[in-house]
Amino acid sequence: MGLQAVAVIGAGPLGMQFALHCARAGYRTILEDILPASLRRAADQLAAAVAAEVVRGELTAAAGEQIRGRVEFATSVEEAARQADLVIEAVPDESESKLEIIVFLDKLCRPGTILATTATCLTVADMAGMTFRATHVVGLLGRYSPSGQFEVELVAGPDTAAETMASLVPLAEVRN
């Protein structure tokens, strides 16, 4: 069984882009932020991005509705993470915040849930070392290509299982 649901923790610009990317890839996506204003802003930005693609003819109106319909919003990490097969932390890139959220997610998530970090301030090995699921911890780097497409790069840690990486390949192959 592959990934069905993805939770993105943090609705800032990077979190919103990851949520949109996951929804485009066909996953049920739960975007979480403890600040309701951040969630509203992300929801507005997500809707505007999809609407712009429809206007440019890159998506049909029906496809745009499907993408928007795959995104749900949550105001608690618990609510979002307990439902997910993959949890992407997109909190501010500060070592202490990153380590705190990965430890919390490790305790909260079901066994087998993949934890993905967007950290650039720490390595995947640093993050995995704080969990009891090092084989299920990966790095996800999101960036824009020269053509303006949001692309996702997978980064394995020294203990990341090959099966974990293989389950994320479809997500990384999506082109927006």
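A search of the whole structure, which is a predicted model, finds two aromatic pairs. In one of them, the ring centres of F18 and F150 lie 5.4 Å apart and the ring planes stand at 90 degrees, so this pair is edge-to-face. F18 belongs to helix 1 (residues 13-24) and F150 to strand 7 (residues 150-156), so that the pair, because 132 residues separate its members, links distant parts of the chain.

**Aromatic cluster**

- Y144 and F150 also form an edge-to-face aromatic pair, with 5.5 Å from centre to centre and 65 degrees between the planes.
- F18, Y144 and F150 together make up one aromatic cluster.

**Helix 7: span and faces**

- Helix 7 (residues 162-173) consists of twelve residues and reaches 17 Å from its first C-alpha to its last, which is close to the 16 Å expected at 1.5 Å a residue.
- The residues T164, M165, L168, L171 and A172 of helix 7 are buried, and, seen down the helix axis, the buried residues fall within an arc of 100 degrees, so they line one face of the helix.
- The exposed residues A162, E163 and E173 are carried on the face of helix 7 that is turned away from its buried side.

Notes: Residues numbered from 1 in each chain as written. Predicted model: local features only at pLDDT ≥ 70, side-chain atom pairs only at ≥ 80, totals over all residues. Heavy atoms only, no water. Phe/Tyr/Trp six-rings, centres within 6.5 Å; stacked < 30°, edge-to-face > 60°. Helix = DSSP H or I, 4+ residues; strand = E, 2+ residues; numbered from the N terminus. Expected span 1.5 Å × (residues − 1). Buried < 20%, exposed > 50% of the residue type's maximum accessible area, 1.4 Å probe, protein only. Arc of directions from axis to C-beta.
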